[in-house]
Amino acid sequence: MREIRDRSIQLINNKELTIILLKGCGIIGLIAYVFFNNIFLSICFTPYVIYYVKKQKIIINNKNKERLKIQFFEVLEIVSAYIKTGMSIEKAFDQVVTDVEMLYGINSSIYNEINNINISVEIDIRIEDAIKKLAKKMDIKEISNFAELFEISIKQDGNVVNVIESICSYVKGQIELNRQVRLSINSVLQEISIMKVMPIGILIYLRIFSKDYIEGIYSSGMGLFIMFIILIVYGITLYIIDRMKQKILIIGE
């Protein structure tokens, strides 16, 4: 008998984590070079890499959770179609595994979790309990709401198809609404991104086209101190900009 792979859903893989680490190291290397003309000073900024990795992991996890949510409700729509043909709920979930494999691949998180539901049913765990366990693991509000409504429908011998179709329709509407809002604020987010890199761009421009002037700053202690103060101000500015961006994104959700 197959075993349930009862592990936390991996929302960020090793490849993504490696890319984040490389980007973080690249950023501190660029900062050390642009502000102090000494790439070896990047070791002093290693704490920023920890902060950067943590921040990027949250961003990627949120994106992957959103994708997982979309996939789950797409799978539910297929399950609903199978139930309409006369299949039982359990049989419909068992049948949909083939569709999930074709759509998302055998190594996808959604394939693993749908497969776990079916294995749970095989060992006499009620399907509503298996879905509740999945909802708890995913920690996605819409899936948790579905699990509760699904359990109530099963207990009250309600129309499961209506429950599935109603919540799928609601979630699709919310996803489309979020997409439209994101499109409307996209220009603002692009401007914020430009503001973040503009100081670095100016310093790189000066190093290329006003090399004699900028080299004088790096050759004196006072010049390096001034660059250090500028870096602190720049870091505080980036923090404020990130906070602004997060508020805009919350409004867009």
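Q: Does glutamate 128 count as buried or exposed, and at what relative accessibility?
A: In this predicted model, glutamate 128 meets the side chain of arginine 126 in a salt bridge, 3.7 Å from N to O. Arginine 126 counts as partly exposed at 44% relative accessibility. Buried means under 20% relative accessible area, so glutamate 128, at 6%, counts as buried.

Q: Which helices hold lysine 132 and glutamate 151?
A: Let's follow this salt bridge, whose closest N and O atoms are 3.4 Å apart. Lysine 132 is partly exposed at 39% relative accessibility, while glutamate 151 is buried at 12%. The pair ties together parts that are 19 residues apart in sequence, because lysine 132 lies in helix α5 and glutamate 151 in helix α6.

Q: Which helices do the buried residues of α6 pack against?
A: Helix α6 covers residues 141–155, and its end C-alpha atoms are 22 Å apart, in agreement with the 21 Å that its 15 residues should span. Its buried residues include Ile143, Phe146, Ala147 and Phe150. Those buried residues pack against α2, α3, α5 and α7.

Q: How many residues apart in sequence are the parts tied together by lysine 172 and glutamate 77?
A: The two side chains meet in a salt bridge of 3.4 Å, N to O. Lysine 172 lies in helix α7 and glutamate 77 in helix α2, so the parts they tie together are 95 residues apart.

Q: Which residue with a positive phi follows α1?
A: Helix α1 runs over residues 14–36 and reaches 32 Å from its first C-alpha to its last. Phi is positive, near 60°, at the residue that follows α1, asparagine 37.

Key
Residues are numbered from 1 along each chain as its sequence is written. This is a predicted model: local features need pLDDT of at least 70, side-chain atom pairs count only at pLDDT 80 or more; totals for chains, interfaces and linings use all residues. Side-chain values use heavy atoms; hydrogens and water are left out. Helices (H or I, at least four residues) and strands (E, at least two) are DSSP runs, numbered from the N terminus. The expected span of a helix is 1.5 Å times one less than its number of residues. Buried means under 20% relative accessible area, exposed over 50%, partly exposed in between (1.4 Å probe, protein chains only). Contact means heavy atoms within 4.5 Å. A salt bridge is a side-chain nitrogen of Lys or Arg within 4 Å of a carboxyl oxygen of Asp or Glu.
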